[in-house]
Amino acid sequence: MKSPTAPQPVVLETDRLYLSEYTPEISNHLFTACSDEEIKAFLGLKTEDELAEEKDKFSKGLTTYFHSFKNFRILEKATGTMMGRCGFHTWVVSHRRAEVGYTLLEDSYKQKGYMKEALGPVLAYGFEEMGLRRIEALAADYNTPSIKLLKHYGMQLEGVIREHYVVEGVNEDSVLYSIIRPEYDKLKESWKLQFRIHQPEQV
């Protein structure tokens with residue numbers, strides 16, 4: 001974003017990645033002060049349909065008094081390429097819980113450990129900087145890579161949410177995983193996370 005008044009993000013730095021914070025304030029600036037091409041580049045959108053969908057989400061309101069979000073754009077350090085997103089898209093501030101989600105934009109980015117590298121710092125940031133007590137995640141029961149990733153970070157299976165998510169017009173079940181703060185405190189040393197937090201004034 002080129003405007004000097006753009007809100008500056010917190011950035012998590014890992015070995016290969018920058019995880020650049022995307023908040024309601026940054027979203028508001030993006031959709032009110034930037035061009036369509038800047039929006040597409042910032043969010044990694046490929047088509048006009050994707051742009052229209054994001055504009056529709058913004059116009060309808062991404063937050064309420066009850067829900068907020070804190071996402072992170074996944075950027076390759078070497079090139080600055082926008083590779084995907086990882087963060088909290090359903091953050092219930094008053095109850096100290098959030099749902100974590102993640103996606104990579106291209107198949108060529110997958111099976112290279114990028115999401116494992118991103119998710120650990122995001123979980124740690126959620127517990128230690130956002131004050132979360134519970135983090136949950138939802139996945140399709142056939143999404144083996146996603147479930148393996150959640151288990152890697154100690155998330156526990158809680159159950160199945162029946163006909164929970166629409167995929168190509170069909171309601172599919174989701175499996176619900178979670179991790180709570182005491183579990184994180186016991187596991188975090190074994191994760192051996194190596195990342196730095198850059199506050200806006202340091203970036």
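Are lysine 70 and glutamate 21 buried or exposed? In this predicted model, lysine 70 is buried, as is glutamate 21. Their side chains form a salt bridge, with an N to O distance of 2.6 Å. Lysine 70 belongs to strand β3 (residues 67-76) and glutamate 21 to strand β2 (residues 17-22), so the contact ties together parts that lie 49 residues apart in sequence.

The count of salt bridges comes to 16. Another of them joins arginine 134 and glutamate 158 at 2.9 Å, N to O. This pair also links distant parts of the chain: arginine 134 sits in strand β6 (residues 134-139), glutamate 158 in strand β7 (residues 156-167), and 24 residues separate them. Glutamate 158 is partly exposed, at a relative accessible area of 43%.

Aspartate 107 and lysine 110 pair through their side chains at 3.2 Å, N to O. Aspartate 107 has 63% relative accessibility and therefore counts as exposed. Lysine 110 is partly exposed, with a relative accessible area of 41%. Salt bridges also link Glu128, Arg181, Asp185 and Lys188 in a network.

No disulfides were found in a search of the whole structure. Cysteine 34 counts as buried because its relative accessibility is 13%. Cysteine 86 is buried too, at 0% relative accessibility.

An unreviewed UniProt entry lists residues 17-182 as "domain: N-acetyltransferase". In the model, this span is 34% helix and 39% strand. The C-alpha atoms at its ends lie 28 Å apart.

Methods
Residues are numbered from 1 along each chain as its sequence is written. This is a predicted model: local features need pLDDT of at least 70, side-chain atom pairs count only at pLDDT 80 or more; totals for chains, interfaces and linings use all residues. Side-chain values use heavy atoms; hydrogens and water are left out. A disulfide is a pair of cysteine sulfur atoms within 2.5 Å. Buried means under 20% relative accessible area, exposed over 50%, partly exposed in between (1.4 Å probe, protein chains only). UniProt positions are given in the numbering used here, feature names are shortened, and annotations may be inferred rather than shown by experiment. Helices (H or I, at least four residues) and strands (E, at least two) are DSSP runs, numbered from the N terminus. A salt bridge is a side-chain nitrogen of Lys or Arg within 4 Å of a carboxyl oxygen of Asp or Glu.
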